[in-house]
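Walk through this structure one region at a time. Keep the sequence beside the coordinates as you read.

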Amino acid sequence: MTRELSDVQAIQNVVVRIAHHIDKRRWTELRGLYADVVVADFTSVFGGEPQEQTADDLLAGWSKFHDAIDASQHFLGPLDIEVKGEHAVVECHVRAHHRFARAPGGEDWLVAGHYRYELARHAGGWKISRVRFEMSYQTGNTNMFEEALR
């Protein structure tokens with residue numbers, strides 16, 4: 001197996017594991033997939049500006065929401081992976097379904113769009129250093145994020 005093919009498989013595993021670990025609330029395992037500092041851009045959903053923050057702070061925010069709701073399921077489309085030496089870019093479509101039975105605005109929220117992950121090779125393997133989500137559409141309770149954090 002060539003190094004590039006091996007890298008592509010390793011990078012694919014990182015991105016797929018993100019969805020699995022979030023949906024299973026495996027925060028420790030998820031932390032191992034991120035660089036110590038991450039630039040996260042979810043402005044298409046929440047507004048504001050992209051945030052540079054520690055991976056611990058990023059995941060603390062995600063866990064606060066996901067631990068408050070009943071379930072989530074992230075469906076990833078095919079991964080488009082480009083490796084350039086010690087860096088890689090992955091793009092894919094995603095549909096994220098969230099269920100929160102006690103939410104005043106409705107129990108379901110689906111948000112769909114496109115992810116772009118930037119990764120760098122580290123001693124412990126490939127790690128995500130940037131993530132950007134570009135929302136295409138959302139349906140259901142679009143206030144669920146705020147409702148879950150109350």
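Where is His 66 found? His 66 sits in helix 4. Helices (H or I, at least four residues) and strands (E, at least two) are DSSP runs, numbered from the N terminus. This is a predicted model: local features need pLDDT of at least 70, side-chain atom pairs count only at pLDDT 80 or more, and totals for chains, interfaces and linings use all residues. Residues are numbered from 1 along each chain as its sequence is written, and side-chain values use heavy atoms, with hydrogens and water left out.

His 66 is buried, at a relative accessible area of 7%. Buried means under 20% relative accessible area, exposed over 50%, and partly exposed in between (1.4 Å probe, protein chains only). Leaving aside neighbours within four places in sequence, His 66 is in contact with Ile 22, Arg 25, Trp 27, Ser 72, His 74 and His 98. Contact means heavy atoms within 4.5 Å.

Ser 63 is also found in helix 4. Ser 63 counts as buried because its relative accessibility is 15%. Not counting residues up to four places away in sequence, Ser 63 touches Trp 27 and Ala 68. Ser 63 and Arg 25 are 38 residues apart in sequence, yet 7.4 Å apart in space, C-alpha to C-alpha.

Now turn to the largest pocket. Helix 4 (residues 55-68) gives the most to its lining, with 6 residues. The space in the largest pocket is about 680 Å³. Of the 36 residues that line this pocket, the closest to its centre are Phe 42, Phe 46, Leu 58, Trp 62 and Phe 145. On a 1 Å grid over the protein atoms alone, a pocket is an open set of points where a 1.4 Å probe fits, with protein on both sides within 12 Å along at least five of seven lines; lining residues have an atom within 4 Å of a point. Grid points are joined across faces, edges and corners, and a volume is the space filled by probe spheres set on the points. By class, the lining has 24 nonpolar, 9 polar and 3 charged residues. Ala, Val, Leu, Ile, Met, Phe, Trp, Tyr, Cys and Pro count as nonpolar, Asp, Glu, Lys and Arg as charged, and the others, Gly among them, as polar.

Next come the rings. The structure holds 9 aromatic pairs. Rings of Phe, Tyr and Trp (its six-membered ring) pair if their centres lie within 6.5 Å; planes under 30 degrees apart count as stacked, over 60 as edge-to-face and the rest as tilted. Phe 42 and Tyr 115 pair edge-to-face, at 6.5 Å centre to centre and 80° between the planes. Phe 42 lies in the loop between strand 1 (34-41) and helix 3 (43-46), and Tyr 115 in strand 6 (residues 108-122), so this pair ties together parts that are 73 residues apart in sequence. Tyr 115 counts as buried, at 11% relative accessibility. Phe 42 and Phe 133 form a stacked pair, 6.3 Å centre to centre with 25° between the planes. Phe 133 lies in strand 7 (residues 125-140), so the pair with Phe 42 ties together parts 91 residues apart in sequence. Both Phe 42 and Phe 133 are buried. Ring pairs link Tyr 34, Phe 42, Trp 62, Tyr 115, Tyr 117 and Phe 133 into a cluster.
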